[in-house]
Amino acid sequence: MDAKHTARLNRITGHMGLKPAGASDSLVEYSVQDGVALLTFKSPPVNSFSPAMKKSIEDAMRKALGDPAVKGIVFTGNGKFFMAGADIPNLMKITSANPPLPVSTVKKFLREGHELMDVIESGAKPTVAAVNGPALGGGLELAMSCNARVGTKNSVYGLPELKLGIIPGMGGTQRLPRLIGVATAVKVTLSGKPLPAKMAAKLGLLDQLVKKPKDLIPTAMKLVLAMASGAKPRRSALDSKGNLESPARANEAIDIARVKSRRKAKGTPHAAAYLQAVQVGVRKGGRAGIQEEVDQMTPLLREAPSAKALIHMFLATRLSPKVPGLQGVRPGRIKTVAVLGGGTMGAGIVALLLFKGYSVILKEINEKVLYAGVQRVVKTINSVIKRMKLPSMALEMGMRNLTPTTSYEDFNKCDLVIEAIIENIPIKQKVFADLEKSCRSDCILATNTSTLDIDVVGAKTKAQDRIIGLHFFSPAHVMPLLEIIRTNNTSKTTLATSIDFAKRIGKTAVTVGNCVGFTANRIFFPYGQAAAFLVDHGTDPYRIDDVLKKMVNMPMGVHEIGDLSGLDILAHVTKSYKTAYGERCYISSLGKYLLEAKRLGQKSGAGYYRYKGKETIPDPKGIAPFLAKARQGIQQFKVSDQEIMEMVMYPVVNESCRVLAEGFVIRASDIDVVSVTGYGFPAHKGGIMFWAESQGFKHIRDRLRYYADKYPHARGFFKPSQKLEELVAK
């Protein structure tokens, strides 16, 4: 074995107390065939690059490098994955350390990863990655450290680290630009989207692409032996210029990306850190770039709030579908779905299901309304086809699976029915009674209601165990959240099937309890009402929207959301909140005056704003007479931007605490997922409860007390909840 690389491996692993290679707890299966050591990752389900995996690779590498019978080394994955990146819980331990880990500790952690990649790339024996499935994050970095890569058609390649608020940490900032060019590498890494196998091969990331999975290992073995014999050159991505553009063109690509990413960064540092590491590599070489990667990554791991928040969100999103008590419950399979109602929401749901390959029945009350609903479906699908640059035949292929109808005639074929009609309890009750008669006894009956009590909706049936809420968010084919609302009567099979269905249609499922507003709309009802309180008392509504977008990084202002939802819909929903939550509500008369003037929001061309095509235009003159009427007899006062943020956002935290205390969510992180995926609360702040903790529960409690005392006529609205008081005490 090469003495230099033996020493390097010993330096990396000597303090770890490793067991000999081949020990039963190794995460790398070691075998030798025809002079090739095959190192197979076996840490299901995704073969993540955990500390234990790293130790196992180091140990297996030491054995392969020391075996005179081994001429080359091939890496591959067991199961469906090659390797899907870092062990996220381990990263969270680093980002969440309090106090932060010493700089020297974090840099040592990073350098050890680089040293392992260096041994794989430049050790005494050539290496080939046989990529059998997704190679993401650290998995792709390991594959790029190999001297060649062979992939199957179902393999994909990506560096999604920036979605976690960090940057590639094992050479990805340097090797990918050298393999596929700076401009393409920067675009791929900033987007976080994986490259399919054919594209990876075309760009030069893959050396060979096999047609059949069974040919993967033999092809990789043949290639590594050819390199070992000198028949084929052994390449090191880090030390070669490869596909790098000229310095001028590379720097131009980086500068363009820097300008674009700065607009989206919203104060987060990771995109700028990534581009800086790439640029140093372009200017000074790959080795200098590696050092810059370590220098840029270290503060992100140690102390960047956005990294902590995004890693938290990653884990919270994966935890949200898990519901205690469903272990061992086998979900049913949904193949045919009926959607009742072809309005904006219903059409969006139908379009989504058609894209996902389901057979869909769309029912409406008469032919005229049905035709309009089908037209909305076509319009929705066409917008997706245009955006994604799909072939025009995609519309025809999707529409083949749609059956429009005005009757329940074919509903005996349905595995699931989603009701998306008007928010009227008597009408919904009749519909569900009809569904019980028309559908099979195992068909799930779901309502898309955003606020109504689901027990009441299904009260006229004997199918309460099959009734559930599936609350999509508009536009249904775009927004990631699917709120699954269970009642005390919902069966485990119904719930498990609904969660599985959400996964299959690409939604983030969060299971919540049955209360007015459920979780997403309930925690955000104070959001709009607090803004109304401020407007009534003299604050400009457009200023409120600007403050929320600039200080909180909300994608839309509260009044823009109101116009998007429709002020008529909000007025209807507000009545439900007032009935349910009484003095915790603040009801303004401004909305009533806007409705009387037919200013319903986007759908009427004007609400709080005016709309010209896709342009949103503040309309202070247009709303001035309505503001004057709403403010009559109300004392006006001035507030700072900080007070606007507190008075609008802290009541959302307060209501979130109540939802948690009353048991309508399983865990606090579910509220974070709901706030980010349903209302666009910025992921880099970690969701509403994570953000609240960073603000300080005591600070939030004290400020709410202050506003409750200062504005006694709104005391019930601002009064801190008991749960918030408990969180302060903890």
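Lys214 is exposed, with a relative accessible area of 62%; exposed means over 50%, buried under 20% and partly exposed in between, computed with a 1.4 Å probe on protein chains only. Its neighbour in a salt bridge is Asp215, at 3.6 Å from N to O, and Asp215 is partly exposed at 28% relative accessibility. The term salt bridge denotes a side-chain nitrogen of Lys or Arg within 4 Å of a carboxyl oxygen of Asp or Glu.

This is a predicted model, in which local features need pLDDT of at least 70 and side-chain atom pairs count only at pLDDT 80 or more, while totals for chains, interfaces and linings use all residues. Residues are numbered from 1 along each chain as its sequence is written, and side-chain values use heavy atoms, with hydrogens and water left out.

## Salt bridges

The whole structure contains 37 salt bridges.

| Pair | Closest N to O distance | Relative accessibility |
|---|---|---|
| Lys108 and Glu112 | 2.7 Å | Lys108 44%; Glu112 10% |
| Arg522 and Glu655 | 2.9 Å | Arg522 1%; Glu655 1% |

Helices (H or I, at least four residues) and strands (E, at least two) are DSSP runs, numbered from the N terminus. Lys108 and Glu112 both belong to helix α4 (residues 103-122), where their spacing of four residues separates them by about one helical turn. In general, an α-helix has 3.6 residues a turn, so residues three or four places apart point the same way. Within this pair, Glu112 is buried, whereas Lys108 is partly exposed.

The bridge between Arg522 and Glu655 has its closest N and O atoms 2.9 Å apart. This pair links distant parts of the chain, with Arg522 in helix α20 and Glu655 in helix α26, 133 residues apart. Arg522 is buried, and Glu655 is buried as well. Through shared partners, salt bridges join Arg522, Arg584, Glu655, Arg658 and Glu662 into one network.

## Aromatic pairs and charges over rings

Rings of Phe, Tyr and Trp (its six-membered ring) pair if their centres lie within 6.5 Å; planes under 30 degrees apart count as stacked, over 60 as edge-to-face and the rest as tilted. By this rule there are 20 aromatic pairs. Phe533 and Phe637 form a tilted pair, because their ring centres are 6.1 Å apart and their planes stand at 45°. Phe533 lies in helix α20 (residues 520-536) and Phe637 in the loop between α25 (620-630) and α26 (641-661), so the pair ties together parts that are 104 residues apart in sequence. Phe533 is buried at 0% relative accessibility, and Phe637 is buried at 18%.

The pair of Tyr706 and Tyr707 is edge-to-face, because the ring centres are 5.2 Å apart and the planes are at 70°. Tyr706 is partly exposed at 33% relative accessibility, whereas Tyr707 is buried at 1%. These four residues belong to one aromatic cluster, which also holds Tyr586, Tyr711, Phe717 and Phe718.

A charge sits over a ring if NZ of Lys or CZ of Arg is within 6 Å of the ring centre and within 35 degrees of the ring normal. Arg318 lies over the face of Phe314, at 3.6 Å from the ring centre. Lys363 takes such a position over Tyr408, at 4.7 Å from the ring centre.

Helix α9 (residues 216-229) has 14 residues and reaches 20 Å from its first C-alpha to its last. That span is close to the expected 20 Å, taken as 1.5 Å times one less than the number of residues. The buried residues of α9 include Leu216, Met221, Leu223 and Met227. The buried residues of the helix pack against strands including β1 (28-33), β2 (36-41) and β3 (72-77), contact being heavy atoms within 4.5 Å. Just after α9, Gly230 takes a positive phi of about 90°.

Six of the six residues of β2 are buried, so this strand is largely enclosed by the rest of the structure. Val36, Leu38 and Thr40 point one way from β2, and Ala37, Leu39 and Phe41 the other way. Two strands pair if DSSP finds at least two bridges between them. β1 and β2 pair in the antiparallel sense over six bridges, with Glu29 opposite Thr40. The two strands form a hairpin with two residues between them, and Asp34 in the turn has a positive phi of about 55°. β2 and β3 pair in the parallel sense over six bridges, with Leu39 opposite Phe75.
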